[in-house]
Amino acid sequence: MKKTIGIILVIIILVLGIIVFIFTDKPVKEIKNVKSFNYHTVNGMSIYDTTRYEIDCSSRCILKVKPNGVPDDDEQEIMITKSEVKELEDILNKYNVSKWDGFNGNDMNVLDGSSFGIIITFDDDSTISASGYMKWP
């Protein structure tokens with residue numbers, strides 16, 4: 001009897017530990033020193049229903065923008081400054097985007113919904129990435 005109670009207590013403690021681990025908030029990591037930023041959304045069934053923003057600061061900072069409804073060939077390239085990248089970092093920090101890292105949500109009940117993907121790479125080559133189909137962090 002004592003052995004059974006001991007096993008039940010161990011199982012309860014393990015389950016509680018797992019629940020606490022799963023539902024504990026991730027720490028907020030400050031976003032700084034962004035080397036590249038890729039964000040896209042898809043909002044429909046057409047190949048042109050994608051909006052994409054890419055920043056590459058490996059040498060000089062270039063923003064590539066592909067608006068919704070426009071073919072990939074019409075992507076715009078804009079030279080931006082490091083201070084503009086800093087403004088983006090401030091916005092990402094304001095909304096705690098670092099907590100999104102590892103998010104991969106999917107609603108299998110929706111066949112024609114919206115999706116998103118984001119990958120942020122830092123100077124030290126660490127990354128934050130998230131994606132979702134009809135689910136957002």
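Which residue stands opposite Thr41 in strand 2? The residue opposite Thr41 is Thr51, and this pairing belongs to a predicted model in which local features need pLDDT of at least 70, side-chain atom pairs count only at pLDDT 80 or more, and totals for chains, interfaces and linings use all residues. Residues are numbered from 1 along each chain as its sequence is written, and side-chain values use heavy atoms, with hydrogens and water left out. The secondary structure of the protein comes to two helices and seven strands, where helices (H or I, at least four residues) and strands (E, at least two) are DSSP runs numbered from the N terminus.

**Overall layout**

- Read from the N terminus on, the elements follow the order α-β-β-β-β-α-β-β-β.
- The protein has 137 residues, of which 24% count as buried; buried means under 20% relative accessible area, exposed means over 50%, and partly exposed lies in between, with a 1.4 Å probe and protein chains only.
- Among the contacts with a separation of 6 or more, 49% come from residues 24 or more positions apart, a contact being heavy atoms within 4.5 Å.

**The sheet**

- Seven strands form an open sheet with mixed pairing, in the order 4-3-2-1-6-7-5; two strands pair if DSSP finds at least two bridges between them.
- Strands of a sheet pair through backbone hydrogen bonds, either parallel or antiparallel.
- Strand 4 and strand 5 (104-106) stand at the edges with a single partner strand each, so one side of each has no neighbour in the sheet.
- From one strand to the next, the twist averages 5°.
- Strand 1 pairs with strand 6 in the antiparallel sense over eight bridges, and Ser36 stands opposite Thr121 in strand 6.
- Strand 1 also pairs with strand 2 in the antiparallel sense, over seven bridges.
- Strand 2 and strand 3 are antiparallel as well, with five bridges; a hairpin of five residues joins the two strands, and Ile55 stands opposite Leu63 in strand 3.

- Helix 2 lies across strand 1, strand 2 and strand 6, and runs at about 60° to strand 1; axes are lines fitted to C-alpha atoms, for helices over the stretch in contact, and angles run from 0 to 180 degrees between N-to-C directions.
- The largest nonpolar core has 19 residues, and those with the most contacts inside it are Ile31, Phe37, Ile55 and Ile120; such a core is a set of buried Ala, Val, Leu, Ile, Met, Phe, Trp, Tyr and Cys residues joined through side-chain atoms within 4.5 Å.
- At least two residues of this core come from each of strand 1, strand 3, helix 2 (82-94), strand 6 and strand 7, and strand 6 gives the most, with four residues.
- Leaving aside residues up to four places away in sequence, Ile120 touches several residues, including Ile31, Phe37, Leu92 and Val97.

**Salt bridges**

- A search of the whole structure finds four salt bridges, each being a side-chain nitrogen of Lys or Arg within 4 Å of a carboxyl oxygen of Asp or Glu.
- Asp125 forms a salt bridge with Lys35, with the closest N and O atoms 2.4 Å apart; this pair links distant parts of the chain, 90 residues apart, with Asp125 in the loop between strand 6 (115-122) and strand 7 (127-133) and Lys35 in strand 1 (residues 34-42).
- Asp125 is exposed, with a relative accessible area of 51%, whereas Lys35 counts as partly exposed at 23% relative accessibility.
- Arg52, Glu54 and Glu75 are linked in a network of salt bridges, in which the N to O distance is 3.2 Å for Glu54 and Arg52 and 3.3 Å for Arg52 and Glu75.
- Arg52 lies in strand 2 (residues 50-56) and Glu75 in the loop between strand 3 (62-66) and strand 4 (76-79), so this pair ties together parts that are 23 residues apart in sequence.

**Positive phi values**

- Asn33, in the loop between helix 1 (2-23) and strand 1, has a phi near 60°, a positive value in a residue other than glycine.
- Met134, in the segment after strand 7, likewise has a positive phi near 60°, and Met134 counts as partly exposed at 29% relative accessibility.
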